[in-house]
Amino acid sequence: MMLQFYEPEQDYGTPAMAGGEPVSLSIDGESVTVPAGTSVLRAAAEAGVKVPRLCATDSLEPFGSCRVCLVEIDGVKGYPASCTTPVKPGMVVRTQTDRLAGLRRNVMELYISDHPLDCLTCPTNGDCELQDTAGEVGLREVRYGFAGANHLDAAKDTSNPYFTFDASKCIVCSRCVRACEETQGTFALTIQGRGFGSSVSAGQGEAFMDSECVSCGACVKACPTATLTENTIIEQGKPEHSVVTTCAYCGVGCAFRAELKGSTVVRMTPHKDGKANEGHACVKGRFAFGYASHKDRITRPMIRATIDEPWRTVSWEEAIAYTAARFREIQQQHGRNSIGAISSSRCTNEEVYLVQKLVRAGFGNNNIDTCARVCHSPTGYGLKTTLGESAGTQTFASVAHTDVALVMGSNPTEAHPVFGSRLKRRLRQGAKLIVIDPRGIELVDAPHIRADYHLAVNPGANVAVLNALAHVIVTEGLHDQAFIAERCDNSQFAHWLEFIRDPRHAPEALEQATGVPPQLLREAARLYATGGNAAIYYGLGVTEHSQGSTAVMAIANLAMLTGNVGREGVGVNPMRGQNNVQGSCDMGSFPHELPGYRHLSDAAARGLFEREWGVALDPDPGMRIPNMFDAAIDGEFRGLYCQGEDVAQSDPNTQHIQAALAALDCLVVQDIFLNETAKFAHVFLPGSSFLEKNGTFTNAERRISPVRRVMPPLAGKEDWEVTQDLANAMGCAMHYSHPSQIMDEIARLTPTFHGVSYARLDELGSIQWPCNEQAPDGTPTMHVDEFVRGKGFFALTEYVATEERANRRFPLLLTTGRILSQYNVGAQTRRTANSAWHPEDILEIHPFDAEERGVAEGDWLGIQSRVGNTVLRARISERVKPGVVYTTFHHPLSGANVITTDNSDWATNCPEYKVTAVQVSRVTEPSAWQARQQQFDRRQQQLLDTASQPVIEVP
Amino acid sequence: MARGQIDQLLKMAGHIALNLGAGHDAAAADRTAEHISRFWTPAMTRQLIAYWRGGGEVPSVVAAALASLENSQPEKR
């Protein structure tokens, strides 16, 4: 384990300048060479010379306000600030002279004349840049005394649950304001007033919680004093060591330093060297880690014969033996295919690999699937077909070279916030933005950001819009002929060209279907094709449709059509949702593919695994999750091992799922909480959070990053150990003593992973696959010289309207999405203070639709679809267009999935969550399902309460 | 087999055929058969073939695909 003693990461003062011509200068008599554009301050730091400073920090542009970092430069008058002075060839700099010392002491005197002198009891004692700088400049007295006007009585703002703003300690360096602007892009903070009256203000002089602040913590990290400090630091003191690990929330996969006292995490700070996030984070990863030690954690195995009985806490041995025996009994009675597993997109690569190995080599079938089924399985199908690999093509950092960003069916500022901040930074630099979304997401109109085009597509018409864009590009001769001729399958392109040229794909012909004004669509197409480097970022608003796979292929077609593949600043970027959903797919969690996306029919690939595992493998595809549920209701599928997934909450048509789960003879749930699915379980195997295990996650950039154990697993085992025990009990031998051995096996068997090992990960920090002999350091950008499949393939993408349409009975279309503070089913975030922001799911409804129904803000609304109904509170909003309503699904009792149907993508069965025909009306009580569910929840909680689970000590 | 499950298989097969070019392309039946072979369990395919052979109504492209699958699939499990 990489144990790092607690030390702040080195701060070089101003940002690094990559790629500039080398410039040599002299600093304190030593020659220093740095790229052009580097500040004198940073050049000194890189040479090991620390120039005292306060307002400068290397995550932010230089500001030059504190006047502490002054230097002397030959030939330059006065004492310039080294942070705002770029290096010049031959410059001669002195950083320490008597005159400079005097000036710096004078400046510090002024600061300290208006600062509390309670260092010894201050929460940042020993970790305060003001304290350090006072020491560095040799401050010995404050000649002004302390009786003058000051800000020592300024009130504290404790509104945010995670950090405190103590205005009495503020030195108005503006780092927080600049961090909120430059790093996060929210612009929630400002300096109000002038001169002595200047002070940091959130919003319009509001409390942080009432302002636009999104609690990303960038200001807290940037603050050089105790003004902005984490509450956990105030309560517990300074951490004593830190461990670099990877966030377990979304597919950005931010690198964090878990900062600890012993095995208690005091805070998570974003790791500057993390390539995905480069020192930034969001409210979830930064602050919402407390769920790992929440009192709801289940830490001892439990079993029960039926779901109406109380749980019985048992030993690991008994639980594993019981599970193994039940699964074998079921197979003996009902056939080899009567059991299966769902692997987790939040568990590590190594853990997922073992689950699919258990299924294939232990259960003897291929009934293994993962949550990617319900989110990005169309990405797998669509990108494999067109480009040859089921993954995004770029790094996140690539957006810094983008000239036109096309964001479709993705809401990055809510769902991939750290990437959203990168995108906003690039947009503020002048890149253009096209948003294709039924809803006016934040990116359409935010501080200093405005979409050049917002195509408010009707839910269900994505393929029509994409075809229309391609039609315009082709008929106006804007496609990149040379790229296509060289890189793509030309005969297929000719076939596709004939298809897309047809007038039925013109924006005018498709206007009724798309709901997008043709002129707007034409202009957007021209911008995408001719605006320079153009990159497409897309999410579940593309995939979770009956033509999700078709839409992904249409997106890949657009990128190939315009030559926007194979270099920085362009590409096709699926915004993978979960922390390890990419990894889960890579590791062979699909019923038709082995690890590395090799179809079961590939005899050579199958042979490799058969030889390694010592067992013949079933060559036929297994069941997808929806097939498992259909077969369960039919009585053919009877046993399920469900690791780290909450299908009862996250999958569509809840009543169908609940019926399927209730029909199982043996449902085994491995999780950290008693989730909705576990309420139907017969065996509960307590899981481990990301803080309690070693392994790797793979993010949306194909970046494999280390997960490092910082505390002992509360249940006594890491998740992979539980799967190993179950495998051994079922006669499928596994004898790993550390996850690195599992990764070594994966690397042996998977060409795209040949070069991956824990040693290499320690060396490089993270690795983007493919990593092998051809790419020993990994692959940031894919398809550089040729596509993985050789020539790019233009798939035909005929628009087929979904069967789910607004009609007289259900005249509105419901679409769904996510919010920043809660994460997916909310199992983690609802058990943290994040519920302060989003305590319930709300239905957004346009003012026209609301008025027609007599709905006012906050009214209870019954939402009815052809499969079910639920009740949510109303928010009147123009973010949605008339005819469209929107909600999130973070709270189980919202029942958002009681309404969603079993319509799904034709190729992958990814559910069509984004299009459900509904009617909405005012009601006065919860729905029948909600009332039943509350009773069911209460009953299951009672059955758990008798199980004698140990009480969790909350630090 | 439950009516509900057959309906589901029919719907899926029909959508596959539609999206892979039914009505536009003579090779649509082959592509539909290939897709089903790659992604469906043999049991699901057998169930749909049994339904069709038992006189159940299926779209013509799907029927052509099922005929081709019937010939290529060896007896399993």
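In which loop of chain A is the place of H783(A)? H783(A) sits in the loop between β32 and β33 of chain A; helices (H or I, at least four residues) and strands (E, at least two) are DSSP runs, numbered from the N terminus.

This is a predicted model, in which local features need pLDDT of at least 70 and side-chain atom pairs count only at pLDDT 80 or more, while totals for chains, interfaces and linings use all residues. Residues are numbered from 1 along each chain as its sequence is written, chains are lettered from A and ligands numbered from 1 in the order in which they are written, and side-chain values use heavy atoms, with hydrogens and water left out.

**Backbone details**

Most residues other than glycine have a negative phi, and most peptide bonds are trans. The table lists two residues that have a positive phi although they are not glycine.

| Residue | Phi | Relative accessible area |
|---|---|---|
| N653(A) | about 55° | 10% |
| H783(A) | about 60° | 4% |

N653(A) is buried, as is H783(A) (buried means under 20% relative accessible area, exposed over 50%, partly exposed in between; 1.4 Å probe, protein chains only). N653(A) belongs to the loop between α23 (647-650) and α24 (654-663) of chain A. The loop between β32 (767-768) and β33 (812-816) of chain A holds P770(A), which a cis peptide bond with omega of about 0° joins to W769(A).

**Chain A and chain B**

Chain A brings 26 residues to the contact and chain B 23 residues, contact meaning heavy atoms within 4.5 Å. About 2200 Å² is buried between the two chains, and carbon and sulfur atoms give 47% of that; this is the accessible area (1.4 Å probe) that two parts lose on being put together, summed over both. In chain A, the most area is lost by D620(A), P621(A) and W906(A), together 26% of what that side buries.

One salt bridge is counted between the chains: the side chains of D902(A) and K11(B) meet at 4.0 Å, N to O. The term stands for a side-chain nitrogen of Lys or Arg within 4 Å of a carboxyl oxygen of Asp or Glu. Helix α22 (residues 625-633) gives the most to the chain A side, with three residues.

**Nonpolar cores**

A nonpolar core is a set of buried Ala, Val, Leu, Ile, Met, Phe, Trp, Tyr and Cys residues joined through side-chain atoms within 4.5 Å. The largest has 72 residues, and F208(A), L228(A) and L433(A) have the most contacts inside it. Helix α12 (residues 417-428) of chain A supplies the largest share, four residues. Another core, of 61 residues, lies apart from it and includes I320(A) and C771(A).
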